[in-house]
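Here are my notes for a first look at this model. Please read them with the structure open.

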Amino acid sequence: MIVEYKLKCRLNWFKCPKKTQNNLFNQTETSIEEIQTTYKKLQDIFCPKLWFNNNQNSFCANNKGLIHIEYFENISKKIIYKNAYSLLSFISLCIGTIAQYEPWIKIDNITYPNFFNFPTETTKEYITFKDVKFWEFGFEDLIDIFPSILEKLFYENNSIINSIILPNYLASTYYIDFVGSLEWNFLNAVTTIESLMSYINSENYTKKETENKIIFDKLKNSVNDELKKDFNKLTIRRVTLQQKIIDAINLGEIIFNTKTIKSFNIGNFSEKCANTRNNITHYLSQSKNRECFTNEEMSNAREFLMTLSRVILLQELCPTKNVSQRFKRNTILRDILHYYNL
């Protein structure tokens with residue numbers, strides 16, 4: 001089965017590898033026409049086939065964003081759609097802003113004109129990113145590990161990365177302008193970081209919650225029958241959102257090989273994150289003892305949490321790459337991650 005579709009994004013993400021570029025461009029070209037002809041070849045040429053899924057499927061793309069995938073077996077349109085959006089979400093993670101497809105798709109030489117659909121407001125870019133001239137990771141940077149990335153995106157069907165984290169990140173790049181959009185974006189950032197830490201620390205969190213259950217059961221068995229009725233109204237303590245945000249910030253310190261700035265109170269920040277989330281979703285933080293973010297603080301926290309999620313997730317998906325180095329060279333991202341000594 002052969003599937004083709006085309007990426008649309010701010011810059012050409014599927015750059016032709018440098019080795020191929022060097023082979024095309026040489027010293028024999030003497031005219032503008034010859035250089036233009038060579039450049040067109042560079043745009044049209046596909047990268048070498050990348051084999052994945054036990055070398056049964058192949059992937060290639062060109063500098064115009066045309067993606068060509070050959071599956072060794074027939075798969076449903078639903079799975080093709082899911083795979084395409086998982087890949088798009090990953091590309092969005094790499095470039096840090098809006099990425100889309102052309103609406104059409106070609107499956108075994110049959111064109112389906114309106115296969116993909118995106119909100120019209122996504123065509124407007126964030127002002128924050130208007131001066132960004134490069135992304136942190138392009139296809140050329142990842143070509144050596146791209147087959148393993150495709151396997152994670154296409155075949156880990158039950159992974160929280162594909163079902164929640166990557167779609168949440170992609171949604172965060174959409175331009176959304178309505179009353180309540182700040183709150184929506186903040187909730188999306190919190191959900192992303194919470195899900196990501198639940199995925200990365202799954203074993204540790206399960207262990208903690210099991211220990212809490214053991215303590216809970218011991219206490220329950222130590223009281224009389226009358227009090228046991230009250231225990232049935234209680235729930236076992238789970239790892240809190242506040243703790244997950246603390247764990248994410250601590251993991252950021254490891255990835256960046258640095259500490260947070262002295263003026264940053266990680267406990268206060270994570271508590272206000274949790275209080276603000278609970279206030280928006282459950283109205284549970286109206287008490288004077290539960291301090292929430294102002295709108296400005298909420299906006300800054302949203303940018304920080306989503307960018308931190310991006311760092312952590314890229315490092316998780318691309319373990320052989322130095323993610324922190326790429327983020328440190330971007331002035332805008334350093335400003336967003338200002339709680340760290342970068």
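1. The crossing of H10 and H12 is left-handed. A crossing counts as left-handed if the near helix is turned anticlockwise from the far one by less than a right angle, and as right-handed if clockwise. The two helices pack at an angle of about 55 degrees, with their axes 10 Å apart. That makes H10 oblique to H12. Angles under 35 degrees count as roughly parallel, over 145 as roughly antiparallel, 65 to 115 as roughly perpendicular and the rest as oblique. Axes here are lines fitted to C-alpha atoms, for helices over the stretch in contact, and angles run from 0 to 180 degrees between N-to-C directions.

2. Which residues of H10 meet H12? They are Ile 245, Ala 248, Ile 249, Leu 251, Gly 252, Ile 255 and Phe 256. Their partners in H12 are Phe 304, Leu 305, Leu 308, Val 311, Ile 312 and Gln 315. By class, this contact of H10 with H12 has eleven nonpolar, two polar and no charged residues. Contact means heavy atoms within 4.5 Å. Ala, Val, Leu, Ile, Met, Phe, Trp, Tyr, Cys and Pro count as nonpolar, Asp, Glu, Lys and Arg as charged, and the others, Gly among them, as polar.

3. A word on the basis. This is a predicted model, where local features need pLDDT of at least 70 and side-chain atom pairs count only at pLDDT 80 or more, while totals for chains, interfaces and linings use all residues. Residues are numbered from 1 along each chain as its sequence is written, and side-chain values use heavy atoms, with hydrogens and water left out.

4. Now the whole protein. It has 14 helices and seven strands. Helices (H or I, at least four residues) and strands (E, at least two) are DSSP runs, numbered from the N terminus. Of the 342 residues, 47% count as buried. Buried means under 20% relative accessible area, exposed over 50%, and partly exposed in between (1.4 Å probe, protein chains only). Among contacts between residues at least 6 apart in sequence, 69% join residues at least 24 apart.

5. Back to H10 itself. Its 16 residues should span 22 Å at 1.5 Å a residue, and its end C-alpha atoms are 23 Å apart, which agrees. The expected span is 1.5 Å times one less than the number of residues. Buried residues in H10 include Lys 244, Asp 247 and Glu 253. Ile 245, Ala 248 and Ile 249 are also among the buried residues.

6. H10 also packs on H11. The axes of H10 (residues 241-256) and H11 (residues 266-282) come within 8 Å and cross at roughly 135 degrees. That makes H10 oblique to H11. This crossing is right-handed. From H10, the contact uses Leu 241, Gln 242, Ile 245, Ile 246, Ile 249 and Asn 250. Among the H11 residues they meet are Ile 266, Phe 269, Glu 271 and Arg 277. The residues of the contact of H10 with H11 divide into eight nonpolar, four polar and two charged.

7. H7 is another partner of H10. How do the two lie, and what do they share? Their axes come within 9 Å and cross at roughly 75 degrees. H7 and H10 are therefore roughly perpendicular to each other. Val 190, Ile 193, Glu 194, Met 197, Ser 198 and Ile 200 in H7 meet Leu 241, Lys 244, Ile 245, Asp 247, Ala 248 and Leu 251 in H10. This contact of H7 with H10 has eight nonpolar, one polar and three charged residues.

8. H7 (residues 181-200) has 20 residues and reaches 28 Å from its first C-alpha to its last, close to the 28 Å expected. Its buried residues include Val 190, Ile 193, Glu 194 and Met 197.

9. Check two asparagines. Asn 257, in the loop between H10 and H11, has a phi near 55 degrees, a positive value in a residue other than glycine. At 71% relative accessibility, Asn 257 counts as exposed. Asn 54 has a positive phi near 60 degrees. Asn 54 sits in the loop between strand S2 (50-52) and strand S3 (57-61), and counts as exposed at 67% relative accessibility.

10. Last, Arg 326 in helix H13 (residues 323-328). At 18% relative accessibility, Arg 326 counts as buried. Leaving aside neighbours within four places in sequence, Arg 326 is in contact with Glu 136, Phe 137 and Asp 141.
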